[in-house]
Every structure is written in structure tokens, then in C-alpha cells.
Amino acid sequence: MIEGTVDVVETADGPFTIVAANDGAVLGAGWNTSPEQVLTRIQPALRPGALDEGPIAAGEAVRAYYRGDVTAVGDVVVRQQGTELQMRGWRALREIVPGEVLTYSELAEGIGEDAGAVRAVAAVCARNAAGLFVPCHRVLRADGTLGGFAWGLEVKRSLLAREGAPGFAALF
């Protein structure tokens with residue numbers, strides 16, 4: 001049985017739950033207090049069957065992010081499993097610099113897909129289990145609107161403002 005650790009960090013956007021493997025790699029994370037909700041987003045082959053509660057290194061990276069070091073979460077090891085398209089997409093998301101945004105079509109082109117693959121790329125973002133660490137919040141619709149976000153549009157807007165993204169910085 002795979003085992004892991006769960007840590008809930010209080011943030012300005014509400015409680016942030018992190019599920020990590022025993023080696024510290026983040027398997028899933030999101031803005032809630034429910035490990036079960038985070039667990040359901042983790043690919044079954046990686047999903048821990050047992051969780052201990054306690055602090056993990058990724059939790060300190062989240063605290064640093066919310067203290068103003070918006071690059072702190074970029075170095076956290078993340079482990080996800082998915083299709084080849086999903087893996088390319090999640091890697092590309094981690095390369096978006098805080099404060100910058102891409103459209104879904106730009107992300108599609110960046111991972112070698114046709115710009116028309118917007119729905120497929122949006123699905124990659126929607127299936128991202130490791131919110132914040134794999135920053136799908138940095139992807140917007142072509143018209144600059146937020147699009148979707150598993151943890152709510154207010155959280156997405158807040159993250160973009162915190163990172164100084166164009167058009168959002170004034171909100172923070």
C-alpha cells in the first residue's frame with residue numbers, strides 16, 4: 001500500500017491541503033480542508049491508501065509563496081501520472097513564470113499541438129491534481145478572461161494578482 005502525508009496550510013485564499021508521497025513529492029493539492037477531495041484528483045496508481053498528518057516541506061514552500069516569494073513553489077517536486085499529452089502539458093505549466101500568463105491556444109502550441117486543441121489543453125489543466133505547484137491558474141481564455149479553475153475563480157484571480165499578472169496586479 002502506498003503511504004503519504006497530508007498537510008493543511010492556512011493561506012489568504014483559505015485552507016490549502018497538500019498530499020505528498022513519503023519522499024516528499026506532491027501528489028495532489030488544492031484549496032480546501034478535505035484530503036478526500038484532493039485524493040480523488042490524484043491518479044489511482046499514485047493515490048496513497050494511508051495518510052499521516054503532519055508538516056511537509058511543500059507546506060513551507062506554500063507559506064513562502066503567500067509571504068511574497070511567488071517562486072517558492074516552483075522547486076517543489078511533483079509526481080503526476082497521465083497521458084503523454086497531460087505530461088507534456090503539466091511540464092509546460094511549470095515553466096510559466098509567475099506574473100506571466102498564456103492562453104489555452106498558446107499552451108497548446110507550446111506543447112506541440114495545433115492552436116485549435118484548446119479543449120484538449122483545457123482538459124489537461126482541469127485534470128491537474130497539484131494546484132499551485134503545477135500552475136494551471138496562469139492559463140486564460142483567448143479574450144483574457146479567467147476560464148475555469150477547480151478551486152474557484154476567486155482563488156485564480158487572487159493568485160494571478162499576487163503574482164503581478166498583467167490586468168490582475170491592481171487587485172492585490
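Helices are DSSP runs of H or I with at least four residues, and strands are runs of E with at least two. By this count, the predicted model holds six helices and six strands. Along the sequence, these elements follow the pattern β-β-β-α-β-α-α-β-α-α-β-α. The radius of gyration is 15 Å, close to the 16 Å that the globule rule gives for 172 residues, so the protein is as compact as a globular protein of that length. Along the principal axes, the C-alpha atoms fill a box of roughly 45 × 35 × 25 Å.

Of the 172 residues, 51% count as buried. Among contacts with a separation of 6 or more, 56% join residues 24 or more positions apart.

The surface and the charges were then computed. The accessible surface comes to about 8100 Å². Carbon and sulfur atoms account for 52% of that surface. The protein carries 15 positive and 21 negative charges.

One residue stands out in its backbone. Most residues other than glycine have a negative phi. L132 is not a glycine, yet its phi is positive, at about 75°. This leucine lies in the loop between α5 (118-126) and β6 (139-140). Is L132 buried or exposed? The relative accessible area of L132 is 1%. The cut-off for burial is under 20%, so L132 is buried.

How values were computed. Residues are numbered from 1 along each chain as its sequence is written. This is a predicted model: local features need pLDDT of at least 70, side-chain atom pairs count only at pLDDT 80 or more; totals for chains, interfaces and linings use all residues. Side-chain values use heavy atoms; hydrogens and water are left out. The radius of gyration is taken over C-alpha atoms; the globule rule is 2.2 Å times the number of residues to the power 0.38. Buried means under 20% relative accessible area, exposed over 50%, partly exposed in between (1.4 Å probe, protein chains only). Contact means heavy atoms within 4.5 Å. Accessible areas come from the Shrake-Rupley method with a 1.4 Å probe; for residues, only the protein chains shown count as cover. Lys and Arg count as positive and Asp and Glu as negative; His and the chain ends are not counted. The place of a charge is taken as NZ of Lys, CZ of Arg, CG of Asp or CD of Glu.
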